Amino acid sequence: MKWFLSVMLLVALFVALPYVQAEDKAPADAPKTEVKSAEPASAAGDKPAAPSPFNSLKEKVSYGIGLNIGTSIAHDHLDLDPKIIAEGIADAMAKAEPKLKPEEIQAAMVQFQQKLADDYKVEQKQYLTDNAKKDGVKVLPSGLQYKVIKEGDGPMPKPADTVKTHYRGTLTDGTVFDSSYDRGEPVTFPVQGVIPGWVEALQLMKVGSKWQLVIPAELAYGDNPRPGGPIRPGATLIFDIELLGIEK
């Protein structure tokens, strides 16, 4: 999970922190170099930049570490308490007695991970509900949603056919996870060799058509996407598909 990566980043940066502290505590007789600002003077009428509340290198690096971790947590929309995060960091750095036992922390992490997964699935279901109300969107009995962008006039593939397509796959947040357009060449595959949502849609499309599919998780990868990939368990997938031809 991304929050775990944030924690690992924090650990890595703390490993480097003693070196920052050592540099910050340079001997009094060390030569001092005057550093001139490379920033241009403020234009007439511009407000001068507010002075930094941090003076030492240690303070600035400490703030930067905290800012990076906070940015990552905010990006992942994690509901965490920044004051208690700071308290945990302070206890660890002071080598104080932890306020929670390791097994309590582990149990909380497992519970939190499950909550994130449950909340994500609810969010994905809501996306499907909202999308079904949009103009031009049709919903099939299976739950597959599609919108015709361009209607072709060629034949429709049969289950045993092999087709050539161009496509772009995105998550509901707009993240592109796969694209033949980006690779610069179409893809050829058997109709029956793809996820169920595609199998159903391809047999309804005419060659020359371009559709947008919104595929529920149960017609995509369900709770078992490829480990380590961008697709989370329970993810609704969006595909823009062009059916270019049926291979002989």
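Which side chain meets that of Lys99 in a salt bridge of 3.3 Å, N to O? In this predicted model, the partner is Glu87. The views below begin with that pair.

**View 1. Salt bridge between Lys99 and Glu87.** The side chains of these two residues meet at 3.3 Å, N to O. The pair links distant parts of the chain, with Lys99 in the loop between α3 and α4 and Glu87 in helix α3, 12 residues apart. Lys99 is exposed, its relative accessible area being 58%. Glu87 is partly exposed, at 36%.

**View 2. Salt bridge between Lys99 and Asp91.** Lys99 also meets the side chain of Asp91 in a salt bridge, at 2.5 Å from N to O. Asp91 has a relative accessibility of 18% and therefore counts as buried, since the cut-off for buried is under 20%. Lys99, by contrast, is exposed, at 58%.

**View 3. Salt bridge between Asp178 and Arg183.** The closest N and O atoms of Asp178 and Arg183 are 2.6 Å apart in this salt bridge. Asp178 counts as partly exposed, with a relative accessibility of 26%. Arg183 also counts as partly exposed, at 45%. In total, the structure holds six salt bridges.

**View 4. Nonpolar surface patch at Leu100, Ile105 and Met109.** These three residues form a nonpolar patch on the surface, and together they have about 240 Å² of accessible area. Leu100 lies in the loop between α3 and α4. With a relative accessibility of 47%, Leu100 counts as partly exposed.

**View 5. Positive phi at His77.** His77 is not a glycine, yet its phi is positive, near 55°. Most residues other than glycine have a negative phi. His77 is found in the loop between α2 (57-75) and α3 (82-94). The residue is exposed, with a relative accessible area of 70%.

**View 6. Positive phi at Lys95.** Lys95 has a positive phi of about 55°, although it is not a glycine. Its place is in the loop between α3 and α4 (102-131). Lys95 has a relative accessible area of 77% and so is exposed, the cut-off for exposed being over 50%.

How values were computed
Residues are numbered from 1 along each chain as its sequence is written. This is a predicted model: local features need pLDDT of at least 70, side-chain atom pairs count only at pLDDT 80 or more; totals for chains, interfaces and linings use all residues. Side-chain values use heavy atoms; hydrogens and water are left out. Helices (H or I, at least four residues) and strands (E, at least two) are DSSP runs, numbered from the N terminus. Buried means under 20% relative accessible area, exposed over 50%, partly exposed in between (1.4 Å probe, protein chains only). Patches are made of residues with over 30% relative accessible area and no salt bridge: like charges are joined within 9 Å, nonpolar side chains (Val, Leu, Ile, Met, Phe, Trp, Tyr) within 5 Å. Accessible areas come from the Shrake-Rupley method with a 1.4 Å probe; for residues, only the protein chains shown count as cover. A salt bridge is a side-chain nitrogen of Lys or Arg within 4 Å of a carboxyl oxygen of Asp or Glu.
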